[in-house]
Amino acid sequence: MGGNGQPPLARTILAFALGIVFLATGSSKLIDHSAAVADFSRWGLPAPSALTIAVGVFELCAAALLMANVATRRVAMALAVEMAAAFAIAGREDGGIQLLVPPAVAALCLGLAWASRPSHRMAPR
């Protein structure tokens with residue numbers, strides 16, 4: 001944290017940028033639900049319609065929390081796990097962009113989680 005109790009600017013920008021990414025992906029799953037269901041079905045996921053809604057809502061909530069700088073470390077870790085699953089599931093079936101984007105976003109999420117770790121500075125005596 002900075003001297004004024006605010007998180008560093010770079011961390012805030014990264015959290016906000018990731019929030020925008022997940023705002024876009026979460027809303028796309030709800031807006032174009034049939035396309036997302038088709039993807040989830042092709043990937044062999046159970047209950048693709050319900051799962052698409054659940055993942056979309058999760059991503060929207062996570063985006064809001066990141067953009068508001070609330071529970072940033074935990075949210076970033078949860079999103080990194082989701083991206084690892086996307087890589088393992090969608091990457092195996094589709095290849096291409098699914099082998100590149102989810103690991104890159106997961107790495108950014110892990111970087112944000114690392115940057116958001118609590119500071120354990122010793123108080124001056």
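Where does Ala 71 lie? I found Ala 71 in the loop between α3 and α4; helices here are DSSP runs of H or I with at least four residues, numbered from the N terminus.

A note on what I am looking at: this is a predicted model, where local features need pLDDT of at least 70, side-chain atom pairs count only at pLDDT 80 or more, and totals for chains, interfaces and linings use all residues. Residues are numbered from 1 along each chain as its sequence is written, and side-chain values use heavy atoms, with hydrogens and water left out.

**Helix α3**

I looked up α3 first, at residues 48–67. Its 20 residues reach 28 Å from first C-alpha to last, close to the 28 Å expected at 1.5 Å a residue (1.5 Å times one less than the number of residues).

Next I checked which residues of α3 are buried (under 20% relative accessible area, with exposed over 50% and partly exposed in between, for a 1.4 Å probe and protein chains only). They are Pro 48, Thr 52, Val 55, Gly 56, Glu 59, Ala 62, Ala 63 and Leu 66. These residues cover an arc of only 130° around the axis, so they sit on the same side of α3; the arc is taken from the directions from the helix axis to the C-beta atoms. What covers them includes α1 (9–31), α2 (33–42), α4 (72–94) and α5 (101–115).

Asn 69 is partly exposed, at 33% relative accessible area.

Back at Ala 71, I noted a positive phi of about 50°, although this residue is not a glycine. Ala 71 is partly exposed too, at 39% relative accessibility. Most residues other than glycine have a negative phi.

Definitions and conventions:
Helices (H or I, at least four residues) and strands (E, at least two) are DSSP runs, numbered from the N terminus. Contact means heavy atoms within 4.5 Å.
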